[in-house]
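Subject: Structure handover

Hi,

Here is the structure I promised to pass on. Have a look at it first, and then read my notes below.

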Amino acid sequence: TNHEAYGNSYRWSPRDFELGSALGQGKFGHVHVAREKKTGYLVAIKALFKSQIMKSRCERQVMREIEIQSHLKHPNILRLLTWFHDERRIYLVVEFAAGGELYKHLTNSPHGRFPESKAARYIYQVADAVEYCHRHHVIHRDIKPENILVAFNGDLKLADFGWSVHAPSERRKTMCGTLDYLPPEMIRREVYDVSVDHWCIGVLLYEFLVGKPPFESEGQDRTYARILALDMTYPEYVPEGAKDLISKLLKHTSKERLSLDGVKKHYWVRQFQNSNNL
Ligand SMILES: CC(C)NC(=O)[C@H]1CCC[C@H]1Nc1nc(Nc2ccc(C(=O)N(C)C3CCN(C)CC3)cc2)ncc1C(F)(F)F
């Protein structure tokens, strides 16, 4: 697309962009929408303060995330287009997702949950994006509605760079992010592999259909206990096919979890593919 027209040797700078409104504030800095002057291309610019990154000793993590993100090229993964820095800040030029944040779409939906056709289409896209990450030896580890954005055409964009900024999100009461998505092996601090993402996709599908995650509880200990006991119930409106798929992902033994190819080919998911945005 446009930005590749410049070739890799081009030295980007803030002067190449017209800064637009702020999209959100956060730990390392803020996010603005911006227009690339020569092409008119809309992008999101994350300005990360070097001082903040140094203070929280996250330099290596930031560089690793930039390294990973700049090599992932998939329609359902938010593209890191380029990056540059000046003496005070690192600027990440990222794809702008005009549809905004997925969790807001979820909370603003009737009954705070998605119809099964939308949930099926979305979970297909997430499984496809995560399968791509696994092929590139990247474990996502933090799949949840807050880390997913929506493109102009309604497609999902996995957007967790690891240091993602937090827009003022009234979403989770708990300060330290949510425990709802933690798989058993991470609670037990056992070694874990790519299949932690399979677990999270099961939790995500449940939250798409029900409007809240399956093990949500008041206290952290209660949530842990429910995860370890696989203590969950389905409201009567959850279709059998979806329950079948979720139960094949929420398995304690990580190697018993359904493959991501299996998710994409599951009969409940397949029946809704290629249906236009009803
Ligand atoms: C995954 C990660 C955890 N999350 C994030 O990074 C968040 C933190 C800041 C914003 C977002 N980051 C991005 N957001 C967009 N698009 C976007 C977001 C919000 C709105 C929106 O609804 N408002 C501005 C509304 C407009 C109306 N007013 C009233 C409220 C805000 C509209 C479009 N594209 C790329 C990014 C990215 F990722 F590249 F930075």
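This is a predicted model: local features need pLDDT of at least 70, side-chain atom pairs count only at pLDDT 80 or more; totals for chains, interfaces and linings use all residues.

Residues are numbered from 1 along each chain as its sequence is written, and side-chain values use heavy atoms, with hydrogens and water left out.

β7 and β8 are antiparallel partners, with three bridges between them. (Two strands pair if DSSP finds at least two bridges between them.) They belong to an open sheet of three strands in the order β6-β7-β8, again with antiparallel pairing. Its edge strands are β6 (100-101) and β8, each pairing on one side only. Helix α4 lies across β7 and β8 and runs at about 30° to β8. Angles here run from 0 to 180 degrees between N-to-C directions, with axes as lines fitted to C-alpha atoms, for helices over the stretch in contact.

**The chain overall**

How many helices and strands does the protein chain have? There are 10 helices and eight strands. Both are DSSP runs numbered from the N terminus: helices are H or I with at least four residues, strands are E with at least two. Of the 278 residues in the protein chain, 51% are buried. Buried means under 20% relative accessible area, exposed means over 50%, and partly exposed is in between, using a 1.4 Å probe and protein chains only. Among contacts in the protein chain with a separation of 6 or more, 64% are between residues 24 or more positions apart. (A contact means heavy atoms within 4.5 Å.)

**The five-stranded sheet**

The other sheet to look at is open too: five strands in the order β1-β2-β3-β5-β4, with antiparallel pairing. β1 (17-25) and β4 are the edge strands, and each pairs on one side only. On average, neighbouring strands of this sheet are turned by 25° against each other, direction ignored.

On one side, β5 pairs with β3 (residues 42-49) in the antiparallel sense over seven bridges. There, Phe49 stands opposite Arg89, and Ala44 has Val94 as its bridge partner. β5 also pairs with β4 (residues 80-85), antiparallel, through five bridges. In that pairing Phe84 stands opposite Tyr91, and a hairpin of three residues joins β4 to β5. Helix α2 (residues 59-71) lies across β3, β4 and β5, running at about 145° to β4.

**The cores**

Which residues have the most contacts inside the largest nonpolar core? They are Phe208, Leu209 and Trp268, in a core of 48 residues. (A nonpolar core is a set of buried Ala, Val, Leu, Ile, Met, Phe, Trp, Tyr and Cys residues joined through side-chain atoms within 4.5 Å.) The elements giving two or more residues to this core are α3 (102-107), α4 (116-135), β7 (148-150), β8 (156-158), α6 (195-210), α8 (240-249), α9 (260-265) and α10. Leaving aside neighbours within four places in sequence, Trp268 is in contact with residues including Ala120, Leu205, Leu209, Pro239 and Leu245.

**Gln273**

Gln273 sits in the segment after α10 (267-270). It is buried, with a relative accessible area of 19%. A polar atom of the Gln273 side chain lies 3.1 Å from the backbone oxygen of Val269. Beyond its neighbours within four places in sequence, Gln273 is in contact with Ala120, Arg121 and Tyr124.

**Cysteines**

Last, the structure holds zero disulfides, a disulfide being a pair of cysteine sulfur atoms within 2.5 Å. Cys133 is in none, and the nearest cysteine sulfur, that of Cys200, is 13 Å away. Cys200 is likewise in no disulfide, with the sulfur of Cys133 as its nearest cysteine sulfur at 13 Å. Cys133 counts as buried at 3% relative accessibility, and Cys200 counts as buried at 2%.

Cheers

Terms used
A polar contact is a pair of N or O atoms within 3.5 Å; within protein, one must be able to donate a hydrogen and the other to accept it, and residues adjacent in sequence count only if both atoms are side-chain atoms.
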